[in-house]
Amino acid sequence: HRDLHSFPTRRSSDLEQTPELLDNDNAGATTFVIQPNGLLTSLATVLKQEMVKFNKLLGKMKSTLRDVAKAINGLILMSDDLDKMYSAFLNNAVPPIWTKVSFASLKTLGSWIKDGVGRVEFFRGWLENGLPTCFPLPVFFFPQGFMTGTLQTFARKYQVAIDTLGFRFTVLHDDDAIFEAGPDDGIICSGMFLEGARWDTDEWLVRESRVGEMYTPLPAVHFQPEAEHVCKEGLYECPIYKTAERKGVLSTTGMSTNFVTAVELPTDVAPETWVRYGMAALLNLTD
């Protein structure tokens, strides 16, 4: 009874803390520059697509938080969706009505909200300040589209067919000069975690996990577009997944809803070793 009595007040507080929508009017001078061909850059298009998805999520959060507080006060009917939302809050779970329009995540409600706010603020910084030099890959609703946008940028710059392009990868040191101004081509991506192995910062390659270490961070990686790319010997093609669930379905774009791409990492053992270890990179941990 006490929880029910205080619920509208707590939800009103949550509503006040919900980030504001991402507004095109707040775009910086260099964010949405129209090119001579009359189009936005590929990565600016990716930003717009992500803004639409986050604004849809934020709008749903704001409207349903208002509605559930009204329903508890008897001002509107407590619908099935609102009832499930109330129950989810009591169990520290993300409400199903939010999950339907959410980014992929297995987190509990508290961690999910903190994660979501961080994602929105990253895109707000990109919107207002222009293209970042380093991108946390976990922030994207659709990181596969971000990968495609990067390849499109390279294809237009060098007049090559996009379907001939792939990525080669360089794992970067924290003091690498490339972080200052960003790469001439490609993107720097951070925020990946290895499961089933670890990154050896002394030898700068993949090693077996230490006892008790389930996840270990992978340093930032330069994704460099390259025509007719072929994975070299001695590299392990490490799959990247959005969540630890490691499964997905094909979306309407023909891409997996969970698998993102494979990053090639150096190893001094046969790459098949890491397949047996079940090694993969994850963008979002479950906590």
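The model is a prediction, in which local features need pLDDT of at least 70 and side-chain atom pairs count only at pLDDT 80 or more, while totals for chains, interfaces and linings use all residues. Residues are numbered from 1 along each chain as its sequence is written, and side-chain values use heavy atoms, with hydrogens and water left out.

Helices (H or I, at least four residues) and strands (E, at least two) are taken as DSSP runs numbered from the N terminus, and two strands are said to pair if DSSP finds at least two bridges between them. Five strands make up an open sheet of mixed pairing, arranged in the order β7-β4-β11-β9-β10. Its edge strands, each pairing on one side only, are β7 (215-217) and β10 (259-266), and the twist from one strand to the next averages 35°, where axes are lines fitted to C-alpha atoms, for helices over the stretch in contact, and angles run from 0 to 180 degrees between N-to-C directions. Strand β9 (residues 235-243) runs antiparallel to β10 and is joined to it by seven bridges, with Glu 237 standing opposite Glu 264 in β10.

Within strand β9 lies Lys 242, which is buried at a relative accessible area of 9%; here buried means under 20% relative accessible area, exposed over 50% and partly exposed in between, for a 1.4 Å probe and protein chains only. The C-alpha atoms of Lys 242 and Asn 258 are 5.2 Å apart, although 16 residues separate the two along the chain. Contact being defined as heavy atoms within 4.5 Å, the residues touched by Lys 242, not counting those up to four places away in sequence, include Phe 141, Phe 142, Asn 258 and Leu 283.

A further open sheet, of four strands with mixed pairing, has the order β1-β3-β8-β2. Because β1 (135-136) and β2 (165-171) stand at the edges with a single partner strand each, one side of each is left without a neighbour in the sheet. Strands β2 and β8 (residues 221-227) run antiparallel and are joined by seven bridges, and Phe 169 stands opposite Phe 223 in β8. Helix α6 packs on this sheet, where it touches β1, β2, β3 (187-190) and β8 and makes an angle of about 105° with the direction of β2. Helix α6 (residues 143-158) also lies across β9, β10 and β11 (280-284) of the five-stranded sheet, running at about 65° to β10.

A nonpolar core is a set of buried Ala, Val, Leu, Ile, Met, Phe, Trp, Tyr and Cys residues joined through side-chain atoms within 4.5 Å. The largest such core holds 66 residues, of which Trp 98, Phe 146, Phe 223 and Leu 265 touch the most other members; helix α2 (residues 42-72) gives the most to this core, with twelve residues. Among the residues that Trp 98 touches are Leu 57, Met 61, Leu 65, Met 85 and Phe 89. The axes of α2 and helix α3 (residues 80-90) come within 10 Å and cross at roughly 95°, and the two helices are therefore roughly perpendicular to each other, a term covering 65 to 115 degrees, whereas angles under 35 degrees count as roughly parallel, over 145 as roughly antiparallel and the rest as oblique.

The structure holds zero disulfides, a disulfide being a pair of cysteine sulfur atoms within 2.5 Å. The sulfur of Cys 134 lies 7.3 Å from its closest cysteine sulfur, that of Cys 189, which is too far for a bond. Cys 134 is partly exposed at 23% relative accessibility, whereas Cys 189 is buried at 0% relative accessible area.
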